[in-house]
Amino acid sequence: MIRIEPRQSSSRLMTLGIPVLSAFVALALAALPLAFAGADVTTAYKEMFKGVFGSTFAFTEMLTRATPLIFTGLAAALAFRAKLWNIGAEGQLYLGAMAAVAIGAGAIDAPSFVLIPLIVLFGCAAGAVGMAVPTVLKSRFGADEVVTTLLLNFVILIFLQMMLEGPLKDPMGLGWPQSPPILDQGMLPPLMDRMRVHSGLIIALVCAGVAQFMLARSVWGFKLRAVGENAAAAKHAGIRVNRSLMSVAIVSGALAGMAGVSEVAGLKGYLTADLSPGFGYTGIVVAMLAGLSPVGVVMSALFIASVFVGADSMSRAMGVSSYLADLVVSMSLLCVLIGGFFARYRIALVKTPKGEQA
């Protein structure tokens with residue numbers, strides 16, 4: 001008889017190796033649809049690699065793509081650590097972007113050392129509000145935050161479209177639903193000349209380092225992990241569960257809002273309704289691939305960004321659909337979930353005594 005039993009403990013090697021192995025397995029499985037499409041698998045993967053590491057421009061494009069994924073991945077990872085299921089990073093990203101435009105497009109005319117911190121502050125605050133509301137509903141009324149955060153994404157997107165046709169519409173935009181451009185002194189400085197990678201990447205890496213330290217070394221991180229492991233036991237030990245949930249909700253929403261700030265004030269310069277191709281939802285995959293580790297989020301975001309940028313390059317070079325990137329990311333998540341299951345449980349063979357049914 002086969003029985004599934006929980007493991008007493010999982011080795012550190014297994015915990016760290018599962019995401020890496022999952023990435024390689026997903027790339028191997030992606031070779032099947034490539035072969036069915038008539039493409040040479042080896043050449044296709046060479047083109048993917050070249051599209052990410054073949055030039056300085058290609059590498060910086062990957063870093064640019066990874067920047068918002070680090071923010072949204074951190075937003076999901078921290079919230080999930082406390083069993084607060086933030087599915088609303090996409091909407092919180094747009095709230096941060098709207099706040100950045102509202103402040104940086106001329107409302108405040110100030111030098112860059114004043115305007116940029118204000119844009120970041122208001123963008124993070126707007127994202128934090130977007131997550132605080134569902135958390136209050138969960139704490140006070142028991143509302144499922146999965147539902148409220150998910151549905152709030154659509155509400156925020158509709159609100160964004162209304163704002164782009166109203167108060168935030170660019171009068172010089174020839175009727176297009178877009179915001180006025182952010183002032184030059186409000187833009188995040190680029191990291192390299194003639195490249196799109198900007199200082200939002202540095203902010204993202206600093207946030208990941210601070211988050212890792214806070215989780216591992218601070219009282220706040222201990223409370224967050226305790227609430228995530230067992231909220232009832234944490235409450236019995238004197239931890240204010242609702243307060244801990246609200247604090248991590250604010251941090252999570254602020255990080256997602258910062259993703260919107262980095263995109264609009266670091267890359268595009270103005271806001272449109274298609275600013276994000278789904279960074280908020282992809283951030284959940286980033287967090288899961290990372291095992292909810294802030295440092296792992298950076299590595300996971302770089303991997304997923306490499307897949308997307310490399311797939312675009314391969315598509316242009318070989319005429320293969322760039323949707324292969326979505327397939328690789330999806331299979332990576334599936335492999336991580338399967339690997340995570342076997343990291344927590346093992347399959348045991350149990351002998352059935354004669355005369356008993358299995």
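Tutor: A definition comes first: a crossing is left-handed if the near helix is turned anticlockwise from the far one by less than a right angle, and right-handed if clockwise. Helices here are DSSP runs (H or I, at least four residues), numbered from the N terminus. The model is predicted, so local features need pLDDT of at least 70 and side-chain atom pairs count only at pLDDT 80 or more, while totals for chains, interfaces and linings use all residues. Residues are numbered from 1 along each chain as its sequence is written, and side-chain values use heavy atoms, with hydrogens and water left out.

The part to examine is helix α12, residues 294-318, together with its partners. Two packed helices are described by the angle between their axes and the distance between the axes. Axes are lines fitted to C-alpha atoms, for helices over the stretch in contact, and angles run from 0 to 180 degrees between N-to-C directions.

Consider helix α2 beside α12. The two pack at an angle of about 120°, and their axes are 7 Å apart. That angle makes α2 oblique to α12; angles under 35 degrees count as roughly parallel, over 145 as roughly antiparallel, 65 to 115 as roughly perpendicular and the rest as oblique. The crossing of α2 and α12 is right-handed. From α2, the contact (heavy atoms within 4.5 Å) draws on T43, A44, E47, M48, G51 and V52. From α12, the residues include S306, V309, G310 and M314. Sorted by class, the contact of α2 with α12 has nine nonpolar, five polar and one charged residues. In this sorting, Ala, Val, Leu, Ile, Met, Phe, Trp, Tyr, Cys and Pro count as nonpolar, Asp, Glu, Lys and Arg as charged, and the others, Gly among them, as polar.

Helix α3 (residues 56-81) also packs on α12, at an angle of about 135° and with the axes 7 Å apart. This makes α3 oblique to α12, and the crossing of α3 and α12 is right-handed. Among the contact residues are A58, L63, L69 and A77 of α3, and P294, V298, A305 and D312 of α12. The contact of α3 with α12 has 17 nonpolar, two polar and three charged residues.

Phi of L292 is near 65°, a positive value in a residue other than glycine. L292 is buried, with a relative accessible area of 18%; buried means under 20% relative accessible area, exposed over 50%, and partly exposed in between (1.4 Å probe, protein chains only).

Finally, α2 carries aromatic residues. F49 and F53 both lie in helix α2 (residues 41-53), four residues apart, about one turn of the helix. Rings of Phe, Tyr and Trp (its six-membered ring) pair if their centres lie within 6.5 Å; planes under 30 degrees apart count as stacked, over 60 as edge-to-face and the rest as tilted. F49 is exposed at 54% relative accessibility, whereas F53 is partly exposed at 45%. The rings of F53 and F59 have centres 6.0 Å apart and planes at 35°, so this pair is tilted. F59 is partly exposed, with a relative accessible area of 35%. Ring pairs link F49, F53 and F59 into a cluster.
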